[in-house]
Every structure is written in C-alpha cells, then in structure tokens.
Amino acid sequence: MRRFDDRTVVITGGNRGIGLAIARRFSAQGANIVLASIEEQVHDAAETLGGGALAVVCDVTDRDDVVALYEQAEDRFGRVDISIQNAGIITIARVEDLTEDEWDATLAVNTKGVFLCCQEAIRRMRRHDRGGRLINTASGQARDGFIYTPHYAASKFGVVGLTQSLAKEVAPDGITVNAICPGIIETDMWAYNDKVWGSMLGDYGPGELMAEWVQKIPMKRAGTGDDVAGLVAFLASEDAAYITGQTVNVDGGLIMS
Ligand code: NDP
C-alpha cells in the first residue's frame, strides 16, 4: 500500500516548477492526479506523469473555471481528498512604477485564486464527509517582505491569514488547512527574479544575484521542487492529521520565524 493510494489530489500551477514536482511526488506515491494550469501545455505535463493523470486548463482567478476544475476531478475520480493551491505569479517594480494592474493581477492569482480553490474544495469535501487536506503555497515573503515586491508580499501574507481563518472553520469537518513558505527554489520564477532584481539591485550578470543570496541560506544551496514536495506530502498525509492552521517554512533555514 502506497501513502496516497485511493487519494485524489488537485494541484494548481501543476504544469511546471514546484507544482509539477509535487505532482510527481504524489503520483509516485499512488495518488490520482489532477493538474490545473492556465496554459494548454498542462496536457503535456500530465502525460509525463502517466497513470491517467487528468489535465485541466483553469484560470484560478475565474470562479467558473475553478468550479469546472473540481467538477471534472470528481467526474473522473469520484472525490477530491487533497487540494494544493500552488499557482502564483510575481512581478518586480519600484513603488512609483508598480501599476494598479500589476497589484490587482498579483492579488487575484496569489490570494483570491487560493481562496476560490479552497472554497470549492471545502464545499465538496464537506459533501463527501471524509475530511480532507488543503495546502496553500505562500512564500518567504509571507514572513518578511522583500524590496520591490510589496504586491507579492501582500498577496502571500494574505494566504497565511486566509489559511488560519479557514482552518478554524473547517477543523470540525476533519479538514486541515496549512500553508507553506518556500524560500529560494530553482524554477522559472526564480530565473525571472534573478534577472529583474539583479538588474535593479546592481550590475549582476545571470545567476550572480541568486548565487549571492544562496550564500545567505544556512544550508548554502537553493531549494528544489522536490524539497517542497516532501513537506507538502507530509502535510497531506495521515502523519499530519493533528496539524492545522500552520505555516511552515521550507527554505534551508533562510528565515527562522
Ligand atoms: P512558476 O512560475 O514556475 O510556475 C507558476 C505556475 O502557476 C505555472 O504552472 C503557471 O501556469 C501557474 N499560474 C499562473 N497564473 C495562473 C492562473 N491565473 N491560473 C492557473 N495557474 C496559473 O513558479 P514556481 O513553481 O516557482 O512557484 C509555484 C508557487 O510557489 C507560486 O505560488 C510561487 O509564488 C511560490 N513560491 C515560489 C518560490 C520560488 O523561489 N520559486 C519561492 C516562494 C514561493 P502556466 O505554466 O500555465 O502559466
């Protein structure tokens, strides 16, 4: 018996980066996988997993898309046991240059998107009455805001607040809600961060800013999607049955609070 046999997991932002690493971990441990992303490429990602993974094109900021995502998941696999709200975006700009559109788009994906998915997952988990697990991706920026990303930091602090509030409401239904804070994880997002922060903070060449920041990590290495997947799998497992409303860092010791 594998850890997630007979469990169905929805993963938003599942077609690359951290989300795909999480999907691989759950797939290897027996779960039915539902991958959701905004690009069609999510179908290719699902195929790499094998095992009948379902791919759904879904914009997490759109309520109808989100409802259709969970509907399709239930149609294919019967019910959703675990929902991982991982889709996220970032932009980097000086405060006078940060546009209202950037602010709105970032909060829409990173905070409202998490809320809409949690809301729909909870509605269905309550109906099935078998409990469930919700895991929301926040960030080191939900602990400590960085320069030039007030909108991103606000969106991720928001994830922690909604996680705590929902956890209190749904605990009696056997549903846990937790958040995770990845640090510096090597993905497309960090390639963008390295380039833009690097050009704004000094005369950094490709990879140089990230290398400098990695030296500030006590473990002296960037994280991988697999490092994050290990934490998510634990929080989704029976071993974490008595853990809810928590926010856990996965960052090699970068932030110790
Ligand atoms: P990537 O940029 O590699 O992937 C982001 C994912 O989010 C993509 O799959 C993308 O879909 C999806 N996405 C974006 N907008 C939407 C939307 N409106 N609806 C549905 N899906 C959407 O990022 P990471 O893998 O690095 O990040 C994953 C999460 O981890 C994010 O929430 C991020 O904020 C967080 N995080 C990342 C850190 C890092 O160092 N990498 C550090 C801390 C937190 P598509 O491919 O289809 O465009």
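Contact, in these notes, means heavy atoms within 4.5 Å. I am working with a predicted model, where local features need pLDDT of at least 70, side-chain atom pairs count only at pLDDT 80 or more, and totals for chains, interfaces and linings use all residues. I number residues from 1 along each chain as its sequence is written, and side-chain values use heavy atoms, with hydrogens and water left out.

**Entry 1: serine 83**

I began at serine 83, which lies in strand S4 (residues 82–85); strands are DSSP runs of E with at least two residues, helices are runs of H or I with at least four, and both are numbered from the N terminus. Serine 83 counts as buried because its relative accessibility is 0%. Here buried means under 20% relative accessible area, exposed over 50%, and partly exposed in between, with a 1.4 Å probe and protein chains only. Setting aside residues up to four places away in sequence, I found serine 83 touching Val10, Tyr70, Ala121, Met125, Arg133, Leu134 and Ile135. Its side chain also makes a polar contact of 2.5 Å with that of glutamine 85. A polar contact is a pair of N or O atoms within 3.5 Å; within protein, one must be able to donate a hydrogen and the other to accept it, and residues adjacent in sequence count only if both atoms are side-chain atoms.

Beyond its neighbours within four places in sequence, tyrosine 70 is in contact with residues including Val80, Ser83, Gln85 and Arg124.

**Entry 2: threonine 8**

Is threonine 8 buried or exposed? I found threonine 8 buried, with a relative accessible area of 2%. Threonine 8 sits in strand S1 (residues 8–12). Its C-alpha atom is separated by 6.8 Å from that of arginine 79, 71 residues apart along the chain. A polar atom of the threonine 8 side chain lies 3.4 Å from the backbone oxygen of arginine 79.

**Entry 3: the ligand**

Last, I checked the ligand and found an oxygen atom of it 2.6 Å from a polar side-chain atom of asparagine 15. For asparagine 86, a backbone N or O atom lies 2.8 Å from a ligand oxygen atom.
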